Amino acid sequence: MDYPHLFAPLDLGFTTLPNRVLMGSMHTGLEDRASDYDRLARYFADRARGGVGLMVTGGIAPNIEGWLKPFGGRLAMPWHVGRHRKLTAATHAEGGRICMQILHGGRYSYHPLQVGASKIKSPITPFTPRALSPRGVERTIRDFVNCAKLAQDAGYDGIEIMGSEGYLINQFVAARTNTRNDEWGGSAEKRMRFPIEIVRRSRAAVGANFIIIYRLSMLDLVNDAQSWQEIVQLAKAIEAAGATIINTGIGWHEARVPTIVTSVPRGAFVAVTRKLKGEVSLPLITTNRINMPEVAERILASGDADMVSMARPLLADADWVNKARAGKADRINTCIACNQACLDHVFENRHASCLVNPRACHETELVITAATVRKRYAVVGAGPAGLAAATTLADRGHRVTLYDQSSEIGGQFNMAKRIPGKEEFAETLRYFGHRLADSGVELRLGTRADVAALGSEGFDAVIVATGVTPRMLHTPGFDDPRVLSYIDVLRDNKPVGKRVAIIGAGGIGFDMGEFLVEGAPSPTTDIGRWAREWGVDLTIEHRGGLIEAKPEPAEREVFLLQRSEGRLGARLNKTTGWVHRATLKAKQVKMIGGVSYERFDDAGLHITVNGKTQTLAVDSVVVCAGQEPNRTLADALIAAGVPTHVIGGADVAAELDAKRAIAQGTRLAADL
Ligand code: FAD
Ligand code: NAP
Ligand code: SF4
């Protein structure tokens, strides 16, 4: 057994969990409508079959005021129970265990009926909460208890009471959002009464043999939040009130410190859970940026926590636990913490999925079946699109030859993984490397495919995944060797000067900025440096765990430019864009919009902004001005009458990302 601590059973007294993996709560968007529960049941069943010790559903509101959004998931009436039975039955049929998270959004609820401990607006919704009256507080506690009881009726193994991330319970506990002067506020003891009463009365309602996980905010990452003494006091009271397990909560949603994005080091917050060890006797769960078994094992072996929570990693790979148990961790499809298909989707009111696993939350519809007729396919291009297509075709029993002109698989992902904070992207290439070998794809690297070579092989069809070519600009002076493309820098390691202008502020322009300002080693590999740079006090000697941020000086002076007016990075992804903007701002990168590029010469880059011409005295320019589809091969094949399918950047370059590339490759291969 490679991971003895990960696979040690956990005895809870009335039940024993088979291992130390908790699939943490994750909103998928399937919780909101009864008609989506068959899909949700299949999603949980797959993960139960994958061996996870205990799962927690996405947040379910105990009443209408607590809805995260209008008509969100709610368990308040007996007739709501039936849909939840589908989840519990599907999970239990696979030998799994499942708890339901009770989440009251409080002032984070995205509707005008929202309530709070006090009438204090949150910075992340447009609504101002109504302060709950004392009777309203009592009614809300009763709604939590009713919800817990209904969850038990629905067959859940337990509940998780969401007391962190800045939702209603957290809002009661923190002085920042609780300015009451009645029995529910005014002192730390009174502010804590709300969660304590919820846990105490829920325990009384559900009896002893039912799991109650309490998600305790241990690092608020906002001002006027809890002190460490208050956190310990609350933890002890929660234990006395009857909780079974304490789960660690990190960061309110309004915090300006990233807590789960890929640039956060793995296991960054374990010290916070460790600090509570010995203060209570309940099992403690640690969380955030734990995505591989060796990280989980290290945490458990050092006694820092009793369980590890992973949500997105189990979205990325339903078989994560079984693979780890079988000594096949190198076959795990690792969550790269990009948020692109999970959290970003949920924030856009779409169903969650996963960039590296497009079947996530689509298990009933994107089904990979054995091919009825076995065919021979060529896939040209081993970037994300081609890798997904080739491996899915081979899994179905087709014979597949995958070509790439490069000496390694991965296409543009080989550049992405070099960006500081994006090291995780290498895991996807490790995963696909094994999948190619396991599924029997014939890989021909260092081979540029053309019509003649493909034609001579007698393939039934060719899948063209040749990606993109960077857009070249014909501005005067741009033929100077000091004007580089992002490929020159990230693939070919061409030297870059100390003062640099980046042309184009899309995803790649921002990434280039981070590459140019960060010194080695990347902060992602150094928790201490990362915490210093973001002003995080992992010892929690300061309230909320916030201290002054001390960014390391930038390696270069960088100007980030775009032609359009308005804020740079406005089109970056919803849940990660602000992190990229904050990182570059902290490194003094000058961001300029509304730019016309005039010329480059020995004086630097001449630009016009608001009608005024100026010269940026830079010694290098890096062009990140988008891409064009690389369709040369596709067009030639089609002209030659070869059956051809075009996917990824070769199909459409605009707004291309790996999410689309992998999903398109997988879906095409599932249909052929
Ligand atoms: P590519 O990855 O471009 O692969 C095409 C492959 O085809 C290449 O390997 C090439 O060698 C091969 N090829 C071309 N012609 C031939 C031929 N004739 N014969 C043989 N082989 C050929 N996306 C995200 O979703 N999230 C991110 O955070 C992200 N960050 C990025 C950061 C950087 C710095 C860069 C450069 C890109 C980033 N991307 C990101 C974009 C993402 O990598 C691309 O969207 C994705 O790689 C496109 O996949 P693809 O398979 O269509 O093409
Ligand atoms: P992009 O996001 O489309 O950005 C292209 C940039 O170039 C824009 O700032 C654009 O803005 C500028 N531009 C376009 N045409 C130009 C021209 N003719 N002259 C000068 N400037 C021009 O593309 P990208 O940065 O190349 O990224 C490619 C894809 O990779 C993206 O779609 C993205 O989804 C993906 N990616 C994602 C991430 C991520 O973190 N999720 C990171 C990297 C890449 P103006 O026209 O205003 O100048
Ligand atoms: Fe992880 Fe990205 Fe998949 Fe979300 S979309 S589960 S962050 S790999």
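**View 1. Helices α3 and α5 pack with a right-handed crossing.** The axes of α3 (residues 134-153) and α5 (residues 188-206) come within 9 Å and cross at roughly 35 degrees. Axes are lines fitted to C-alpha atoms, for helices over the stretch in contact, and angles run from 0 to 180 degrees between N-to-C directions. Helices (H or I, at least four residues) and strands (E, at least two) are DSSP runs, numbered from the N terminus. Ala, Val, Leu, Ile, Met, Phe, Trp, Tyr, Cys and Pro count as nonpolar, Asp, Glu, Lys and Arg as charged, and the others, Gly among them, as polar.

The model is predicted: local features need pLDDT of at least 70, side-chain atom pairs count only at pLDDT 80 or more, and totals for chains, interfaces and linings use all residues. Residues are numbered from 1 along each chain as its sequence is written, chains are lettered from A and ligands numbered from 1 in the order in which they are written, and side-chain values use heavy atoms, without hydrogens and water.

**View 2. Helices α1 and α2 are roughly parallel.** Helix α1 spans residues 37-49 and α2 residues 81-93; their axes cross at roughly 20 degrees and come within 8 Å. Angles under 35 degrees count as roughly parallel, over 145 as roughly antiparallel, 65 to 115 as roughly perpendicular and the rest as oblique. This crossing is right-handed. Contact residues include Leu40 and Phe44 of α1 and Leu87 and Ala90 of α2. Eight residues of the contact are nonpolar, two polar and three charged.

**View 3. Helix α18 has buried residues.** In α18 (residues 527-534), Arg529, Trp530, Ala531, Glu533 and Trp534 are buried. Buried means under 20% relative accessible area, exposed over 50%, partly exposed in between (1.4 Å probe, protein chains only). Their cover includes α19 (577-586). At the start of α18, a side-chain oxygen of Asp526 comes within 3.2 Å of the backbone nitrogen of Gly528. Gly535 follows the helix, with a positive phi near 75 degrees.

**View 4. Asn288 has a positive phi although it is not a glycine.** The value is about 80 degrees. Asn288 sits in the loop between β11 (284-286) and α8 (293-301). It is buried, at 8% relative accessible area.

**View 5. Glu655 also has a positive phi, near 55 degrees.** Its loop runs between β27 (644-646) and α21 (658-671). Glu655 is exposed, with a relative accessible area of 77%.

Methods: Contact means heavy atoms within 4.5 Å. A polar contact is a pair of N or O atoms within 3.5 Å; within protein, one must be able to donate a hydrogen and the other to accept it, and residues adjacent in sequence count only if both atoms are side-chain atoms. A crossing is left-handed if the near helix is turned anticlockwise from the far one by less than a right angle, and right-handed if clockwise.
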